[in-house]
Amino acid sequence: MMTKRSKKTRKRMSLQKLRIEVDHIDRELMSLLNRRIRLARRIGLFKARNGQKIFDASREKTLMRKLIARNRGPIETSELSSIYRIILRTSRRHQRKVRK
């Protein structure tokens, strides 16, 4: 027979395992975001050398369409769009930094 205490301990351990997994994913996301920004900076240098503007509305619209089409949830389209607007804005900011 399972006691209340052992049930509670199991739940706590289960929550701990889930949080550990989330922490692992957060580390992966951080690594990928930093990798993406490093690439954005290289793109910024390329654009500077070739006289191209930093903002490319067509490229960003195409990227957003692709991301939205690939999204299978549970993240909502509006949430995904918000996240990527921040990522793209940050990427442009880093591209500007390397031009100075």
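A pocket here is an open set of points on a 1 Å grid over the protein atoms alone, where a 1.4 Å probe fits, with protein on both sides within 12 Å along at least five of seven lines; a lining residue has an atom within 4 Å of a point. Its volume is the space filled by probe spheres set on the points, with grid points joined across faces, edges and corners. The model is predicted: local features need pLDDT of at least 70, side-chain atom pairs count only at pLDDT 80 or more, and totals for chains, interfaces and linings use all residues. Residues are numbered from 1 along each chain as its sequence is written, and side-chain values use heavy atoms, with hydrogens and water left out.

**Stop 1: the second largest pocket**

Select L29, L32, L33, R35, R36, L39, I83, Y84 and I87, which line the second largest pocket. Helix 1 and helix 3 are the elements that each give two or more residues to this lining. Helices are DSSP runs of H or I with at least four residues, numbered from the N terminus. The volume of this pocket is about 200 Å³. Helix 1 gives the most to the lining, with six residues. By class, seven residues of the lining are nonpolar, none is polar and two are charged. In this scheme Ala, Val, Leu, Ile, Met, Phe, Trp, Tyr, Cys and Pro count as nonpolar, Asp, Glu, Lys and Arg as charged, and the others, Gly among them, as polar.

**Stop 2: a surface patch**

Now select I25, L29 and L33, a nonpolar patch on the surface with about 250 Å² of accessible area together. Such a patch joins nonpolar side chains (Val, Leu, Ile, Met, Phe, Trp, Tyr) within 5 Å, from residues with over 30% relative accessible area and no salt bridge. Accessible areas come from the Shrake-Rupley method with a 1.4 Å probe. I25 lies in helix 1 and is partly exposed, at a relative accessible area of 40%; buried means under 20%, exposed over 50%, and partly exposed in between.

**Stop 3: the largest pocket**

Which residues are the closest to the centre of the largest pocket? The largest pocket has a volume of about 400 Å³. Of its 17 lining residues, R36, I43, R59, L63 and L88 are the closest to the centre. Helix 1 (4–49), helix 2 (57–70) and helix 3 (77–99) each supply at least two residues of the lining. The lining comprises eight nonpolar, two polar and seven charged residues.

**Stop 4: the salt bridge**

Select E60 and R92, which form a salt bridge with their closest N and O atoms 2.6 Å apart. The pair links distant parts of the chain, E60 in helix 2 and R92 in helix 3, 32 residues apart. A salt bridge is a side-chain nitrogen of Lys or Arg within 4 Å of a carboxyl oxygen of Asp or Glu. A search of the whole structure finds one salt bridge. E60 is buried, with a relative accessible area of 16%, and R92 also counts as buried, at 16%.

**Stop 5**

R38 is found in helix 1 and is exposed, at 52% relative accessible area. R93, in helix 3, is partly exposed at 42%. From R93 to K11 the C-alpha separation is 44 Å, and the two are 82 residues apart in sequence. Finally, select P74, in the loop between helix 2 and helix 3: the peptide bond from G73 to P74 is cis, with omega near 15 degrees.

Definitions and conventions. Patch = residues over 30% accessible without salt bridge, like charges linked within 9 Å, V, L, I, M, F, W, Y side chains within 5 Å. Buried < 20%, exposed > 50% of the residue type's maximum accessible area, 1.4 Å probe, protein only.
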